Amino acid sequence: MIFPPSLGLVRKSLFGQEFPGRGAFFAANFLVGDIQTGIMPLLAVYLLLSEHWKAVAVGEVLAFGGLVTLIAQPIAGSMADQIVSKRAFFLVLVSLFAAGCFLICGPNPSFGRILLSQALVGVAQAGIVPVLSSVAMGLVGNGRFASVMGKAQGTTHAGSVFGAAAAIFLTSQSLSVSIFAFYGISALAAGLVLLGVPGHKIDPLRAREAEGVDRICSIRQLFTPSLIFFLSLLFLFFIANTAMLPLAGEKLSGISSLSSGRVMGILVLATQGVMIPFSLLAPFIIRRFGSRFLLSAFFILLFLRSGILFMATSMEGILLGQVLDGMVMGVLSVLLPVLVSEFGKGTGRFNLLQGIAGMVVSAGGSVSQLLSGESMKFWGRDKTFLLLGGLSMVIWILHLVGNRFGGFAKNRQNER
């Protein structure tokens, strides 16, 4: 069958070409969907409602976990560059994640035990995304990286949908703590499944975007003005974005009779369900519109989402806000590693850059939670949505001004 050019691009984005260990690689991405989504919102609900912890103590353990992830991300990225056996490194990371989940499952969780759990989970989350991306890069190289990452993120979001559905089911059966055991078992399964990718097919130099062992640039050389501008936009975007999900969950809990656990499961399910098709189509969307246009659109959609959540008075309105989030995050989950790969091309520091970008995302998310918490004290939940939406417009203006002076000049090859 002959496809028109545009349909041919879509078909290629959806199906792609074979590569060694393709099935095992995508299966591992499916199983770590819950890891990438994060267990912190569910842990907060569990500790508050099932274990009757005080909100201050819950905030402290979650902040600690976020801090561990933030610090560990560039370290894990650098290790992903240097460790040749990517599969073994991945198995260690998912084992740490599983251990953290199983610690939560014990009766009468103490403050110290949950802190240890968050430390293990934080370290694991810091390294899992860079390692999977480095496996993809080592298998197919830069030329096919966007296409493979689009399908990988699609399967990851499908795994998140499955995990959210499992969370809803387990919560409905009054077995909230079983969610964490389920996530731990899924993580271990992902580590075992990835062993199905032939290790000798993962080129260690290609996996770190190196042109040769003697051509790996210094860390200082990485930080060009273009990269600093990009990381600044990323930081500000996640300040405006991250807090909206828990705020939306809190608002939905107030206007529905559903339990908090089921509310968070429904919101994650809705968001991840939308992310699946948009991440699969992301390589085509990125080629069609270019990175600068898409980033501008993301900031505007974030502003619209804040307005929708501000005005929402029903579950339908809140879910509409989450649909917008799913559209943006579905494409961004592919665009972000693609942009990082362009900055890292030929440097031999691709995975370190992924860790740095992840650290920036985590830092933005932490500041977002702190900002929303302070805003809630003074202005309430709904006006906090407006504050975050206003910040997204400020970021949009900075993006336009920065690009006016060549802020993304290095990445213009993405926009052809």
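## Nonpolar surface patch and aromatic pairs in a helical chain

Helix H18 (residues 350-379) is the main contributor to a nonpolar patch, supplying four residues. The model described here is predicted. The patch lies on the surface and consists of Val-367, Leu-371, Phe-378, Trp-379 and Leu-387, with about 480 Å² of accessible area together. Leu-371, one of these residues, is placed in helix H18.

As to the overall architecture, the protein chain contains 19 helices and zero strands. Of its 416 residues, 52% are buried. Among contacts with a separation of 6 or more, 84% are between residues 24 or more positions apart. The accessible surface of the protein chain amounts to about 17200 Å², and carbon and sulfur atoms account for 69% of it.

Helix H13 (residues 244-255) may be considered individually. Its twelve residues reach 17 Å from the first C-alpha to the last, close to the 16 Å expected at 1.5 Å a residue. Within H13, the buried residues are Met-244, Leu-247, Ala-248, Gly-249, Lys-251 and Leu-252.

The aromatic side chains are the next topic. Phe-162 and Phe-182 form one that is tilted, at 6.0 Å centre to centre and with 45 degrees between the planes. Because Phe-162 lies in helix H8 (residues 145-172) and Phe-182 in helix H9 (residues 178-194), this pair ties together parts that are 20 residues apart in sequence. Phe-162 is partly exposed, at 46% relative accessibility, and Phe-182 is likewise partly exposed, at 21%.

A further tilted pair is formed by Phe-237 and Phe-299, whose ring centres are 5.9 Å apart and whose planes stand at 55 degrees. This pair links distant parts of the chain, 62 residues apart, with Phe-237 in helix H12 (residues 225-241) and Phe-299 in helix H16 (residues 291-311). Phe-237 and Phe-299 are both buried.

The geometry of these two pairs is set out below.

| Pair | Centre to centre | Angle between planes |
|---|---|---|
| Phe-162 and Phe-182 | 6.0 Å | 45 degrees |
| Phe-237 and Phe-299 | 5.9 Å | 55 degrees |

Both angles fall in the tilted class, because planes under 30 degrees apart count as stacked and those over 60 as edge-to-face. Phe-162 and Phe-182 also belong to one aromatic cluster, together with Phe-30 and Tyr-183.

Technical notes: Residues are numbered from 1 along each chain as its sequence is written. This is a predicted model: local features need pLDDT of at least 70, side-chain atom pairs count only at pLDDT 80 or more; totals for chains, interfaces and linings use all residues. Side-chain values use heavy atoms; hydrogens and water are left out. Patches are made of residues with over 30% relative accessible area and no salt bridge: like charges are joined within 9 Å, nonpolar side chains (Val, Leu, Ile, Met, Phe, Trp, Tyr) within 5 Å. Accessible areas come from the Shrake-Rupley method with a 1.4 Å probe; for residues, only the protein chains shown count as cover. A salt bridge is a side-chain nitrogen of Lys or Arg within 4 Å of a carboxyl oxygen of Asp or Glu. Helices (H or I, at least four residues) and strands (E, at least two) are DSSP runs, numbered from the N terminus. Buried means under 20% relative accessible area, exposed over 50%, partly exposed in between (1.4 Å probe, protein chains only). Contact means heavy atoms within 4.5 Å. The expected span of a helix is 1.5 Å times one less than its number of residues. Rings of Phe, Tyr and Trp (its six-membered ring) pair if their centres lie within 6.5 Å; planes under 30 degrees apart count as stacked, over 60 as edge-to-face and the rest as tilted.
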